[in-house]
Amino acid sequence: ERLTAHLHGAAVGAGIEMAAFAATVTATDDLRVALPEVAMGLVPGAGGTVSMPTRIGRQRTAWLALTGRTIDAATAHAWGLVDHLR
């Protein structure tokens, strides 16, 4: 409840998966989010299969994980992955 994650730059793999567990996530405009593990033959770890769907839903989490595509700060905010942009 009391943890706030402050993100900037690239939040890739565990960088976003762990932050998604925080009560509040703030980010700068240069944030880029991706889950590239599947392209490497891995399953998203660090709780990403739990933390991400809680914030953005199963479909958006699956899209990020299966495509390996990157989203920007505005999209992360619109999806609810980020609570506040600075």
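Axes here are lines fitted to C-alpha atoms, for helices over the stretch in contact, and angles run from 0 to 180 degrees between N-to-C directions. Helices (H or I, at least four residues) and strands (E, at least two) are DSSP runs, numbered from the N terminus. Welcome to a predicted model, in which local features need pLDDT of at least 70, side-chain atom pairs count only at pLDDT 80 or more, and totals for chains, interfaces and linings use all residues. Residues are numbered from 1 along each chain as its sequence is written, and side-chain values use heavy atoms, with hydrogens and water left out.

**View 1. Helices H2 and H3 pack against each other.** Helix H2 covers residues 48-56 and helix H3 residues 58-67; their axes are 7 Å apart, at an angle of about 130°. That angle makes H2 oblique to H3, because angles under 35 degrees count as roughly parallel, over 145 as roughly antiparallel, 65 to 115 as roughly perpendicular and the rest as oblique. Look for Gly48, Met52, Pro53 and Ile56 on H2, which meet Arg58, Arg60, Thr61 and Leu64 on H3 (contact means heavy atoms within 4.5 Å).

**View 2. Two tryptophans, Trp63 and Trp79, form an aromatic pair.** A search of the whole structure finds one such pair. Rings of Phe, Tyr and Trp (its six-membered ring) pair if their centres lie within 6.5 Å; planes under 30 degrees apart count as stacked, over 60 as edge-to-face and the rest as tilted. Trp63 and Trp79 are edge-to-face, at 5.9 Å centre to centre and with 80° between the planes. The pair links distant parts of the chain, as Trp63 sits in helix H3 and Trp79 in helix H4 (residues 73-79), 16 residues apart.

**View 3. Strands S1, S3 and S6 make an open sheet with parallel pairing.** Two strands pair if DSSP finds at least two bridges between them. The order is S1-S3-S6, and the edge strands, S1 (4-7) and S6 (84-85), each pair on one side only. S1 and S3 are joined in the parallel sense over four bridges; here His6 has Thr26 of S3 as its bridge partner. On to S6: strand S3 (residues 24-27) pairs with S6 over two bridges, also in the parallel sense, and Ala27 has Leu85 as its partner in S6.
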